[in-house]
Amino acid sequence: MKLATKLIHAGIEPDPSTGAIMTPIYQTSTYVQESPGKHKGYEYARTQNPTRNALQNALAAIENGKYGLCFSSGLAATVAVIKLLNPGDEVIAANDMYGGTYRIFTKVFQKYGLKFHFINMQDANGISKYINKNTRLIWTETPTNPMMNITDIEAVASITKKSNILLCVDNTFASPYLQNPLDRGADIVLHSATKYLGGHSDVVHGCLILKDASLNEKLSFIQNSCGAVPGPQDCFLVLRGLKTLHVRMERHCQNGEKIAKWLRNNGKVDKVFWCGFEDHPNHLVAKKQMRGFGGMMSFTLKDDRIEAANKVLSSTKLFSLAESLGGVESLIGHPASMTHASIPREERIKNGLVDSLMRLSVGIEDADDLIADLDQAIG
Ligand SMILES: *Cc1c(COP(=O)(O)O)cnc(C)c1O
């Protein structure tokens, strides 16, 4: 089955009690048993919920996995993966990933005796020298947030497979429409479904998708034991969002390309970071592993004072100044003061995340209107 069909049909059955075509929101905490242990497969709603199950099955199908696991947020899904580890274990992570992931690793989990190495993952060969007998997990994100760097998933997977290390790929920016990391050797795919999967900026939700049965057993155990599960209403919203992922992503890609090219030709703009440009340093890898280049990009101004960026950030009318991404409406953000404020300034600047860098999540409005908005704001 092709993705467009899976997005609408996978995991979904008409509701057995009424035939409702849309999976109902099973707003219940428990399920009545006929006699002790005799039930319909549902005992308690932290453990199982039919709305969540439908979404988990849909997610597994869409990412070409076998198992989907839903969490109350993207970061709750991240935490579940880290809880697979034991004190003394080491993790190799990309040095320019989502600020909240960096914060969890350094501020929450380091004190439990886990060791994190943050490295440039654009060169997969550079990973090998950080691998030792304690390395258990490689964590990467591609494209990265906000520098739009690309990791070669296949190249990293060839290293993890040799050394029996888990590879987790945060696929939030690409979405399953553009990229399927499990097909390229990743063990776990993570999404903040808050972004493209939900797609309408109305829900916070996260998920993991995987193929291996014993890994699924461990992560399901953590999901149920630790309890960071989403409510059924949130699962319903993500299920509904999935049904239009393909049409939304097509438009995100079209608009993204038009705006990236327009920005590049604007005399006041300095650099534009978008992996669709042929001279993007990792463009060939992006072309190999992605079906399109999406609507996420960052740019800097020739006037690199923070005041110049602030003027743009407060002048756009269609691009709303807000954290988050992946919704139908266009957003503009300032990573240094917003999403990446939790990363020390020296660390940020080392990775190219300067104070004047602005990030766009290009929505699915009319591209001409979006360009006119940027034009008046950049001035
Ligand atoms: C937003 C985001 C997360 C965290 O997800 P939440 O749903 O906000 O917890 C993780 N990774 C990436 C790339 C994100 O954009």
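Here is a short walk through the ligand site and the strands beside it. Keep in mind that this is a predicted model, where local features need pLDDT of at least 70, side-chain atom pairs count only at pLDDT 80 or more, and totals for chains, interfaces and linings use all residues. Residues are numbered from 1 along each chain as its sequence is written, and side-chain values use heavy atoms, leaving out hydrogens and water.

Let's start with the ligand. Among the residues surrounding it are Y98, E141, D170, S192, T194 and K195; to be counted, a residue needs a heavy atom within 4 Å. The shell splits into 3 nonpolar, 6 polar and 3 charged residues (Ala, Val, Leu, Ile, Met, Phe, Trp, Tyr, Cys and Pro are nonpolar, Asp, Glu, Lys and Arg charged, and the others, Gly among them, polar).

Now look for polar contacts, here N or O atoms within 3.5 Å of each other. D170 has a polar side-chain atom 2.6 Å from a ligand nitrogen. S192 puts one 2.8 Å from a ligand oxygen, and a side-chain N or O atom of T194 is 2.7 Å from an oxygen of the ligand. On its own the ligand exposes 380 Å², and the protein buries 92% of that (Shrake-Rupley method, 1.4 Å probe).

Next, follow D170 back into strand β5, residues 166–170; strands are DSSP runs of E with at least two residues, and helices are H or I runs of at least four. In β5, 4 of the 5 residues are buried, so the strand is largely enclosed by the rest of the structure (buried means under 20% relative accessible area, with a 1.4 Å probe and protein chains only).

What does β5 pair with? Strand β4 (residues 135–141) runs parallel to β5 over 5 bridges, and β6 (residues 188–192) pairs with β5 in the parallel sense over 3 bridges; pairing takes at least two DSSP bridges. V169 stands opposite T140 and also opposite V189 in β6.

How values were computed: Polar contact = N/O pair within 3.5 Å; in protein donor to acceptor, adjacent residues only side chain to side chain. Buried < 20%, exposed > 50% of the residue type's maximum accessible area, 1.4 Å probe, protein only.
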